[in-house]
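My notes follow in the order in which I took them.

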Amino acid sequence: MTAVESFMTAMGEKALAAAEVLRTIGSDARARALLAAADALAARSDLVLEANAADVARARERGLEPALIDRLSLNVQSVRAMATAIADVAALPDPVGRELARWTRPNGLDIARVSTPIGVIAIIYESRPNVTADAAALCLRSGNAAILRCGSDCLTTSLAIHAAFVEGLESAGLPAEAIQLVPTPDRAAVGALLRGLDGAVKLLVPRGGKSLVARVQAEARAPVLGHLEGVCHTYLHADADLDMAVTVAMNGKMRRVAICSATETLLVDAGAADRLLPPVAAALTAAGCTLRGDPAARAIVSGVEAADEADWGAEYLAAVLAVRVVDGLTGAIDHIRKYGSGHTETIVTENGQAAEAFLDAIDSAVVMWNASTQFSDGGEFGFGAEIGISTSRLHARGPVGAEQLTSYKYVVRGVGQTRG
């Protein structure tokens, strides 16, 4: 066993022990630890920003893409927002110990389904230091121990954020090992996590690019919760309001182009393409977005690049948008079913019947009507924060907050019944 493997195995053992404490500790202690962590993070703002400046400087020296540097960069407002999000998570109803259902059998057995923590959750993520705070907060609120492995680009920042959580845990009398951050950029640490740390890891959550998620899903020996791509669609129906079409399409694509809920394909109803597409395209191009369209879109708007087959399934994470004119509601649904990744889709229309048909037919994790795809977010859903978006059809789906990081057990109460 290498030194890294030995170190990681020890982290797993410590996390297991901490998880048993969290499983039985009361909600108030977990909430106190979170509030103390939020205060500590706010007090350490200068240290976090200093660490982040060092990470950003190294990233620029290495020639990282602007979108990745944007994900990495923090400012006073974003650190304050992280602290606020931690406090918001502390204020959430306790997801542990909830009675989800209860019934009595004819033989008198009383059966209850009760929510429980999952145990030890390993989160592997890239250049997003805010994930350190979000993941730690959600795991702690849901009674889980966490092992966090961030990308090397944000390690200095994440260590500074993690220190605030250690302070919060210790002030509430909880084990510091409840939230651990892998302190080395050695890639062998990821391999150790994927192998499950001798059974300590009960759930793996990858949050990052396609290659990271694909590797985790291919190599993991523990269950994986995550999504591979965010190929999100905005569909402008024939009965869409023009102003709303412009604002929803613009926000869905251009508010932040490098997040997984950004619109990557714009579908425009053939019945209103002449009315809708030119002003929407003009707003997008004026904002610096490159459009790649099918022949019908290019015939309506000049200057649109030709799209090829690969564009329809592309997650650009950049100011590039695929545009296709579709044959009504059925055409839009067929396109999304063929090319979508099951993440988030929205329809813009004033026709309630068409909207409900779209919401019913599309089986993505999040489906919307007259709202930007960028609302597909745990904070916007009232979860306080999110650990990521799940496109799985098992366990949790959509934004994953504290409630989604619990499992359940059955508690059966009898009076001496035996089975014949």
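**Charges over rings**

I started with arginine 324, which lies over the face of tryptophan 312, at 4.7 Å from the ring centre. This is a predicted model, and I read each entry here as computed from it.

I then looked up a second such case. Arginine 113 lies over the face of tyrosine 408, with 5.6 Å to the ring centre.

**Aromatic pairs**

I searched the whole structure for aromatic pairs and got four. One of them joins phenylalanine 381 and phenylalanine 383: the pair is edge-to-face, with 5.9 Å centre to centre and 80 degrees between the planes. The planes count as edge-to-face because the cut-off for that class is over 60 degrees. I checked the exposure of phenylalanine 381 and found it partly exposed, at 38% relative accessibility. That class applies because 38% falls between the limits of 20% and 50%.

Tyrosine 408 and tyrosine 410 form another edge-to-face pair, at 5.8 Å centre to centre and with 85 degrees between the planes. Tyrosine 408 is partly exposed, with a relative accessible area of 45%. For tyrosine 410 I also noted partly exposed, at 45%.

**Helix 9**

Next I asked which residues of helix 9 (residues 210–219) are buried. They are Leu212, Val213 and Val216. These residues are on the same side of helix 9, because they cover an arc of only 95 degrees around the axis. On the other side of helix 9 I found Ser211 and Ala218 exposed.

I then looked up what covers the buried residues of helix 9. The cover includes strand 3 (120–125), helix 8 (188–194) and strand 6 (203–207).

**Cavity**

How many cavities of 30 Å³ or more does a search of the whole structure find? It finds one. The volume of the largest cavity is about 60 Å³.

I listed its lining as Val205, Pro206, Arg207, Leu225, Gly226, His227, Ile387, Gly388, Ile389, Ser390 and Val400. Strand 6 and strand 14 (389–390) are the elements that give two or more residues to this lining. The largest share, three residues, comes from strand 6. Strand 6 therefore has two entries: it is part of what covers the buried residues of helix 9, and it contributes to the lining of the largest cavity.

Terms used
Residues are numbered from 1 along each chain as its sequence is written. This is a predicted model: local features need pLDDT of at least 70, side-chain atom pairs count only at pLDDT 80 or more; totals for chains, interfaces and linings use all residues. Side-chain values use heavy atoms; hydrogens and water are left out. Rings of Phe, Tyr and Trp (its six-membered ring) pair if their centres lie within 6.5 Å; planes under 30 degrees apart count as stacked, over 60 as edge-to-face and the rest as tilted. Buried means under 20% relative accessible area, exposed over 50%, partly exposed in between (1.4 Å probe, protein chains only). A charge sits over a ring if NZ of Lys or CZ of Arg is within 6 Å of the ring centre and within 35 degrees of the ring normal. Helices (H or I, at least four residues) and strands (E, at least two) are DSSP runs, numbered from the N terminus. The arc is that of the directions from the helix axis to the C-beta atoms. Contact means heavy atoms within 4.5 Å. On a 1 Å grid over the protein atoms alone, a cavity is a set of points where a 1.4 Å probe fits but cannot get out, and a pocket is an open set with protein on both sides within 12 Å along at least five of seven lines; lining residues have an atom within 4 Å of a point. Grid points are joined across faces, edges and corners, and a volume is the space filled by probe spheres set on the points.
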